[in-house]
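Here is a short briefing to read alongside the sequence and the coordinates. Take a moment with the structure below, then join us for its aromatic contacts and its annotated spans.

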Amino acid sequence: MVKTTRHRAVMTPVTGHLVDWRKKMSDHIAYALLVYTALQIFVTIGALKSHGSSLLPYLALIILVIAIIPACRRFEARWNRLTDEQAHDPGMAPYYRRDRLVLWAMAIGLPFVLTGLFKGLALIFA
């Protein structure tokens, strides 16, 4: 049975399933934001415990939250601009995989990199 959505139903020749790259990317963005937030809290709490009363971990948390939202919006906006034909085109798979990899690399790596940078700055200015 074919699932109906507001988009035109197109079957991919390889798997025979409906693929909407817009929805798939939107789902990954939502999950990446959850993972990012959890990691950021974990990393920041660790930095707070090791540096006592320094305000730098809080600054890192604010900057990271402010920075990730526009980046995710750009990802989602780029995929939402696709036409119905493009959204179901199997030829978009390499672009989807590339953007998915960048998204997850940012979501997992950014909390560690920037918190490390702020911890380094705290050591320099302490």
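W21, W79 and Y96 come together as one aromatic cluster. Please keep in mind that this is a predicted model. The structure holds two aromatic pairs, and they are a friendly place to begin.

**The W21–Y96 pair**
- The ring centres of W21 and Y96 lie 4.9 Å apart with 40 degrees between their planes, so this pair is tilted.
- Distant parts of the chain are linked here, since W21 belongs to helix 1 (residues 21–51) and Y96 to helix 4 (residues 93–125), 75 residues apart.
- Are W21 and Y96 buried or exposed? Both of them are buried.

**The W79–Y96 pair**
- Because W79 sits in helix 2 (residues 56–80) and Y96 in helix 4, the pair ties together parts that are 17 residues apart in sequence.
- W79 is buried, and so is Y96.

**Annotated spans**
- Which residues does UniProt list under "transmembrane region"? The unreviewed entry gives residues 29–48, 54–72 and 101–125.
- For residues 101–125, the model shows 100% helix and 0% strand.

**To take away**
- Together, W21, W79 and Y96 make up one aromatic cluster.

Notes:
Residues are numbered from 1 along each chain as its sequence is written. This is a predicted model: local features need pLDDT of at least 70, side-chain atom pairs count only at pLDDT 80 or more; totals for chains, interfaces and linings use all residues. Side-chain values use heavy atoms; hydrogens and water are left out. UniProt positions are given in the numbering used here, feature names are shortened, and annotations may be inferred rather than shown by experiment. Helices (H or I, at least four residues) and strands (E, at least two) are DSSP runs, numbered from the N terminus. Rings of Phe, Tyr and Trp (its six-membered ring) pair if their centres lie within 6.5 Å; planes under 30 degrees apart count as stacked, over 60 as edge-to-face and the rest as tilted. Buried means under 20% relative accessible area, exposed over 50%, partly exposed in between (1.4 Å probe, protein chains only).
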